[in-house]
Amino acid sequence: MTVKVDTVDYATVKRVLAEAHYIGRPGATSVRLGLWLDERLAGVITYGTIPRPNSRAICGEPYAAAVLELTRLALYDWAPRNSESEFI
């Protein structure tokens, strides 16, 4: 099986989340990635910024703007077992 991770556009994220995520819509996203298995889009993961007081607490003021959190993760049911963990 070939595996590829690459950036995806907002429209792709929106479509996959509508089809495969229990919330069904994107949250705040700064980084959007797709997972392809054998050249078929298996799902998406998004990362976004967190409130500044929390990011300062995590890594200090100099790096606060660089802190991201995982905001959404959705893979289609046909993806192999543990694909979510491997994608993260």
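Start by selecting Ser83, which is placed in helix H3. The model on your screen is a predicted one. Is Ser83 buried or exposed? Its relative accessible area is 8%, and buried means under 20%, so Ser83 is buried. Setting aside neighbours within four places in sequence, show the contacts of Ser83: they are Leu37 and Leu75.

**The other end of H3**

Next, select Phe87. Helix H3 covers residues 83-87, and Phe87 belongs to it. With a relative accessible area of 9%, Phe87 also falls under the 20% limit and is therefore buried. Which residues does Phe87 touch, beyond its neighbours within four places in sequence? Display Val5, then Leu33, Gly34 and Leu35, then Gly43, Val44 and Ile45, and finally Leu73 and Leu75. Now draw a distance from the C-alpha of Phe87 to the C-alpha of Leu17: the two residues are 70 apart in sequence and 16 Å apart in space.

**The whole chain**

Zoom out and switch to a cartoon view. The protein chain has 3 helices and 4 strands. Traced from the N terminus, the order of elements is β-α-β-β-α-β-α. A box of roughly 40 × 25 × 20 Å, taken along the principal axes, holds the C-alpha atoms. The chain has 88 residues, and 35% of them count as buried. Consider the contacts between residues at least 6 apart in sequence: 59% of these join residues at least 24 apart.

The accessible area is about 5700 Å², and carbon and sulfur atoms account for 50% of it. Then colour the charged side chains. There are 10 positive and 10 negative ones, and the centres of the two sets are 8 Å apart.

**Helix H1**

Hide the surface and select helix H1, residues 10-20. Which residues of H1 are buried? They are Thr12, Val13, Val16 and Leu17. Look down the axis of H1: these buried residues fall within an arc of 125°, so they line one face of the helix. On the other side of H1, Ala11 and Ala18 are exposed.

In soluble globular proteins, nonpolar side chains tend to be buried together. Select the largest nonpolar core here, which has 9 residues: Val8, Val13, Val16, Leu17, Trp36, Leu41, Val44, Ala74 and Tyr76. Two elements, H1 and strand S3 (40-49), each give two or more residues to this core. The largest share, 3 residues, comes from H1. Apart from this core lies another, of 8 residues, including Leu35, Leu37, Ile45 and Leu75.

Go back to Val16 and show its contacts, again leaving out neighbours within four places in sequence. Val16 touches His21, Leu41, Gly43, Val44, Ala74 and Tyr76.

**Last stop: Tyr47**

Follow strand S3 to Tyr47, which lies in it. Tyr47 and Ala28 are 19 residues apart along the chain, and their C-alpha atoms are separated by 7.7 Å. What else is in contact with Tyr47, beyond its neighbours within four places in sequence? Besides Ala28, select Thr29, Ser30, Val31 and Leu33, then Leu68, Glu69, Leu70 and Thr71, and then Ile88.

Definitions and conventions: Residues numbered from 1 in each chain as written. Predicted model: local features only at pLDDT ≥ 70, side-chain atom pairs only at ≥ 80, totals over all residues. Heavy atoms only, no water. Buried < 20%, exposed > 50% of the residue type's maximum accessible area, 1.4 Å probe, protein only. Contact = heavy atoms within 4.5 Å. Areas by Shrake-Rupley, 256 points an atom, 1.4 Å probe, with all protein chains shown as cover. Lys, Arg positive; Asp, Glu negative; His and termini not counted. Charge placed at Lys NZ, Arg CZ, Asp CG, Glu CD. Core = buried A, V, L, I, M, F, W, Y, C linked by side-chain atoms within 4.5 Å. Arc of directions from axis to C-beta.
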